[in-house]
Amino acid sequence: FVGVCRLKLREDWLELGMVVGGTKGCFVDCVGVLGSCVDFRGEGLFREVCGRRGGWRSSWMMAVGVVNAVQTQQKPGSWEYVKEVRELAASFCDTTHQSRDAFWEVIKNEAQEAAAEEPLLASFLFATVINHGSLHSALSFHLANQLSGPSFPSTLLMEICMDVYEAEDIFCQAIRCDLAAVLERDPACTRFVDALLYFKGFSALQAYRVANYLWRKQQYPLAQYLQSQVSKELQVDIHPAATIGPGFFMDHATGIVIGETAVVGKNVSMLHHVTLGGTGKSHGKRHPTIGDGVLLGAGATILGDIEVGEGAQIGACSLVLEDVPPHSTVVGVPGRIVGRPGTAVPAFNMRHEIRESGSQSK
């Protein structure tokens, strides 16, 4: 979509040469590319560019959005970078003006950098990220391509996802908290765009949020279809009726099972092959309730209508059948309390350690 983009920056002029295909949309995307490549020192330069291309106000507004949004000079993946962009994610997001969403502009900037680093992925990154006007649109497009089937086309699934994400304001914040959680808690993730496109735990979670909305609206067959596709394609099985708070992180995610009446609080982290299962076959509450900030180790199994308290930690491959007090560490089969986590919110630092009273972490 951009053949040549030649920039020369001086005090009072900017020369621009590019091939835009003669469409307004292409020019808007070109402005986005410029926003990621130039160290902006004056809005007048961009006003001049927009004037040369017909004075489109929408292009100018997008340029201003990039100027205001992409100011960080921190290396993607560093804690300083995460901190700066998380502040954008936590800010109020107007879903009716997604083109000026600062958090989304940062993600597009990362996609443009990735395309420059690996030209073979340029078309893929353009189709999945750069070509979209909002995070909701890009996410819906990506999920639709992952989860569609021969008898359920991706165009229809994308439309369903878009309608759901724009139906409630809570989705706007939850998606950003979930995305920020990946980069903050997984050192293997260096950019938000990588979490958006390549981390199946995030994809499975966002598909669950769509299915959960459909379930609450009593569209049960469609919600179950989506759950089935997620289980088949991503190997994550979350019942649409389960309740999951924002900032949820599934590391690796393969083999995770979350049952129908399970409740997961805010900012919870779990690793692969965790099961939040039920006991018996009666209807009603029969799955666990997980408090805020809990860390669940790989292969942990929590069964029945029990509660894992806020800030608790469950060790890998543990079997938990009874309530777990807040800020305690449980390991073993069956699980027993062996100490307390090394921090108040173990889900944040992802450290699998035991701290006994008055002793150092192990």
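The model is predicted, so local features need pLDDT of at least 70 and side-chain atom pairs count only at pLDDT 80 or more, while totals for chains, interfaces and linings use all residues. Residues are numbered from 1 along each chain as its sequence is written, and side-chain values use heavy atoms, with hydrogens and water left out.

The protein contains 13 helices and 17 strands. Both are DSSP runs, numbered from the N terminus: helices are H or I with at least four residues, and strands are E with at least two. Of the 362 residues, 49% count as buried. Buried means under 20% relative accessible area, exposed means over 50%, and partly exposed lies in between (1.4 Å probe, protein chains only). The accessible surface of the protein is about 16,600 Å². Carbon and sulfur atoms hold 53% of that surface. These areas come from the Shrake-Rupley method with a 1.4 Å probe; for residues, only the protein chains shown count as cover. Contacts were also counted, a contact being heavy atoms within 4.5 Å. Among contacts between residues at least 6 apart in sequence, 49% join residues at least 24 apart.

Two strands pair if DSSP finds at least two bridges between them. Strand S7 (residues 263–264) and strand S10 (residues 289–290) run parallel and are joined by two bridges. Val-264 has Ile-290 of S10 as its bridge partner.

Another open sheet has six strands, in the order S5-S8-S11-S14-S16-S17. Its pairing is mixed. The edges are strand S5 (249–251) and strand S17 (336–339); each has a single partner strand, so one side of each lacks a neighbour in the sheet. Within this sheet, strand S14 (residues 313–314) and strand S16 (residues 329–331) run parallel, joined by two bridges. Here Gln-313 has Thr-329 of S16 as its bridge partner.

The largest nonpolar core has 82 residues. A nonpolar core is a set of buried Ala, Val, Leu, Ile, Met, Phe, Trp, Tyr and Cys residues joined through side-chain atoms within 4.5 Å. Ile-107, Leu-196 and Met-250 are among the residues with the most contacts inside this core. Helix H11 (residues 200–216) gives the most to the core, with 10 residues. In soluble globular proteins, nonpolar side chains tend to be buried together.

Ile-107 lies in helix H5 (residues 102–117). Its relative accessibility is 0%, so Ile-107 counts as buried. Beyond four places in sequence, Ile-107 touches Val-129, Leu-135, Leu-179, Phe-192, Val-193 and Leu-196. The C-alpha atoms of Ile-107 and Ile-130 are separated by 8.9 Å, although the two are 23 residues apart along the chain.

Leu-196 sits in helix H10 (residues 192–198). Leu-196 is also buried, with a relative accessible area of 0%. Its contacts, leaving aside neighbours within four places in sequence, include Ile-107, Val-129, Leu-135 and Leu-179. Leu-196 and Val-129 are 67 residues apart in sequence, and their C-alpha atoms are 9.3 Å apart.

Helix H9 (residues 169–185) has 17 residues. At 1.5 Å a residue it should span 24 Å, and its end C-alpha atoms are 25 Å apart, which agrees. The expected span is 1.5 Å times one less than the number of residues. H9 is mostly covered, with 12 of its 17 residues buried. Among them are Phe-171, Ile-175, Leu-179 and Leu-183.

Five aromatic pairs are found in the whole structure. Tyr-165 and Phe-171 form an edge-to-face pair, 6.0 Å centre to centre with 75° between the planes. Rings of Phe, Tyr and Trp (its six-membered ring) pair if their centres lie within 6.5 Å; planes under 30 degrees apart count as stacked, over 60 as edge-to-face and the rest as tilted. Both Tyr-165 and Phe-171 are buried. Together with Tyr-213, they form one aromatic cluster.
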